[in-house]
Amino acid sequence: MQRAIPMPVEVLESNGVFRTNLKIKHFTLGVSLSLFACALALWLGYLSMRPYHFHLPVKFTDKNIPYIEAWIEGKKYHLVVDLGSKFQLCLTPDVLKQLHKYQCGSATWMNVKGEQYTFPQYIIPKIKIGPSLFKNPLAVEKPLTTRCILWETKQPESFIPDGYLGKNLLKEKNLLFDLSHSRILASNSTKKLLKDGYDINNYIKIPLEITDKSVMISVITEYGLIKLVLDTGSTGTLLRASLTNNKTHQIHGIPHTYLDQFVIGDHNFGKQSAYLFEIPKEITSLGIDGVLGVDFFLKHNIYIDFSTSTAYISQ
């Protein structure tokens with residue numbers, strides 16, 4: 001119960017005895033505030049449970065990273081869908097220059113190469129994704145030079161994104177990733193998903209470990225139980241190199257292997273490609289053994305129910 005607002009006190013003094021009507025006024029005010037708080041909680045709960053279901057067309061960068069359209073201040077931007085980012089939103093300096101904003105401190109992050117960056121972060125009024133409007137998101141300034149590129153290609157990139165949508169904004173909606181058909185569905189309706197051809201009751205249901213930094217799943221491999229971050233901002237799946245010495249070959253100059261056993265829930269998804277990388281101890285100390293990248297998402301639909309910390313993966 002919220003603290004009552006002080007009321008005028010009527011005080012009569014007679015032989016050292018004080019009489020007041022303060023108690024009954026406080027009681028009445030307290031009951032009113034409690035009823036208001038309950039009504040507000042029910043309304044907010046209703047808003048959070050309202051059904052939603054919409055499609056987001058997906059395109060891919062030259063490095064096979066998914067991106068979608070979003071609208072900020074009436075202008076269209078192309079933003080990477082990056083489940084591996086702990087932020088709500090990252091935008092390039094050129095984009096931020098055009099927006100109304102006010103600075104709200106700074107943000108620091110480290111990539112899998114151990115490179116650490118600190119840049120300003122801002123609150124912008126709103127961003128529109130599909131029919132949904134997200135108000136006052138935190139947008140971190142992220143220059144293109146801070147992108148984590150594990151290997152360079154000879155051909156110049158034909159497309160550069162305007163920024164990234166991170167986990168802490170994406171978690172506001174339950175999402176089904178069907179990247180093999182170039183779409184993402186935001187939906188909390190299993191009936192509408194089924195109507196669209198997605199019977200998640202036939203998917204592999206697993207618990208998720210969701211922290212303020214990542215969304216992780218547990219996987220059993222021939223090297224034991226490992227934890228991988230779901231990362232749609234990574235082209236391929238990465239494992240910490242110390243898990244195995246089986247570095248039989250290299251791709252793009254990076255040690256590469258195949259996992260013969262890749263069990264999620266009660267299902268073995270079979271041979272899984274993985275790059276072996278010396279992931280910094282600052283990351284592995286969080287219990288992270290690597291990332292599950294877009295290569296896996298392209299083979300399997302994944303429905304993430306953020307409201308229950310549960311994932312459903314097609315076989």
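User: What percentage of the 315 residues in the protein chain is buried?
Analyst: This is a predicted model, where local features need pLDDT of at least 70, side-chain atom pairs count only at pLDDT 80 or more, and totals for chains, interfaces and linings use all residues. Residues are numbered from 1 along each chain as its sequence is written, and side-chain values use heavy atoms, with hydrogens and water left out. Buried means under 20% relative accessible area, exposed over 50%, partly exposed in between (1.4 Å probe, protein chains only). Of the 315 residues in the protein chain, the buried share is 44%.

User: Is Q272 buried or exposed?
Analyst: Q272 sits in strand 25, residues 272-277. Strands are DSSP runs of E, at least two residues, numbered from the N terminus. The relative accessibility of Q272 is 3%, so Q272 is buried.

User: Which residues does Q272 touch, not counting residues up to four places away in sequence?
Analyst: Contact means heavy atoms within 4.5 Å. By that rule, with residues up to four places away in sequence not counted, Q272 touches T237, T257, Y258, L259, F262, D295 and F296.

User: How many disulfides does a search of the whole structure find?
Analyst: A disulfide is a pair of cysteine sulfur atoms within 2.5 Å. C90 has a relative accessible area of 3%, so C90 is buried. C104 is at 34%, so C104 is partly exposed. Across the whole structure, the number of disulfides found is 0.

Definitions and conventions. Helix = DSSP H or I, 4+ residues; strand = E, 2+ residues; numbered from the N terminus.
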